[in-house]
Amino acid sequence: MFIQVLWRECQIINYARRRTGDWFLDTGSIPVWSSLSCLQAAGRFIAPNTYTCFEACRWGRLFFTSANDPKESGRDDMITSTSNPQIKNLILLGKKAKARYEQGVFIVEGKKMVREAPREWIQNIYVSESYLTRKEHQDGLLGMEYELLSDHVLKAAAGTQTPQGILAVVRIPQWDFFRVFQADPVCCLLLEGIQDPGNLGTMLRTAEAAGITAVIASPETADLYNPKTIRATMGSIYRMPYFAPDDFYGALSDLKRRGIRIYAAHLKGSVSYDAPDYRGACAFMIGNEGKGLTGTAVGLADAAVKIPMQGKAESLNAAVTASVLMYESSRQRRG
């Protein structure tokens, strides 16, 4: 039902979106004269604080709809097919590292990951129709551009069995190596051939928590922007400087020239992990989950350290090993 009003009888404070000449507004931003009585007269009742939408048409008419039902919200641009070019590209970005690096972007999923992403890094946001049925989700999108997808399309784009209803395409950050390594003292994590995305993401998350300066990985290490890795970082991917130089061993040599002592985690290490002094510039090197560090990497280390173990356990998980070393450094630096 259309309600005729004059534009001068509405004070438009804010608008959520503008598309092809149509304005999508909320009643919190538009004090419409006698809005409650008008809608009651029209056979509709609006309870206080109910989040409602109006579609401002080009002819100056306001059409009341319920924002709690995307199908009734006036949005005729919802993407409902997985054949849509945007959706095909989202699926490609989720599956292929090559596509991610060619386009310079990656995908994050979930309210937390989208909320924590630096706004200037975000290129596009996609939400499902069911996601918008909750008021807090609607409020979280105020002032943000987004594409509306049907539930089955977002599930296909997210590539998970239980998608959270929102995802974003985010720009791959370009960290400044020289600026990052101005920190004093430096303590970084070196990764050679880590293959499990969950391990890599966990290491990045722990590195941030332990106050590590940066993470440097070999080309053989799993892709940081793999969706599984990103989920495991729990947002640390936005804040933890990460470098993957083509010449990993050359980078290690450069660190040594900068006075950074490298400690290799090794089962045959001659020094207990808690014996060295990590209060100066240092780096911890972790190898592949199955094979460990290569001879080349160990040869570039200043010392090989080991974590004493009891019982019949032969080794620790790579992410656990990295965590033990990083937190030992953190403990020593706290004094």
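Modeller: Where pLDDT is low, the predicted coordinates should not be read in detail. This is a predicted model, in which local features need pLDDT of at least 70, side-chain atom pairs count only at pLDDT 80 or more, and totals for chains, interfaces and linings use all residues. Residues are numbered from 1 along each chain as its sequence is written, and side-chain values use heavy atoms, leaving out hydrogens and water.

Biologist: Why is the aromatic pair of Phe106 and Tyr225 called tilted?

Modeller: Rings of Phe, Tyr and Trp (its six-membered ring) pair if their centres lie within 6.5 Å; planes under 30 degrees apart are stacked, over 60 edge-to-face, and the rest tilted. Phe106 and Tyr225 lie 4.8 Å centre to centre with 35 degrees between the planes, so the pair is tilted.

Biologist: What makes the pair of Tyr278 and Phe284 edge-to-face?

Modeller: The planes of Tyr278 and Phe284 are 80 degrees apart, with 4.8 Å between centres; therefore the pair is edge-to-face.

Biologist: How do you know that Ala301 counts as buried?

Modeller: Buried means under 20% relative accessible area, exposed over 50%, and partly exposed in between (1.4 Å probe, protein chains only). Ala301 has 16% relative accessibility, so Ala301 is buried. Beyond its neighbours within four places in sequence, Ala301 is in contact with Lys256, Ile262, Ala264 and Met285.

Note on methods
Contact means heavy atoms within 4.5 Å.
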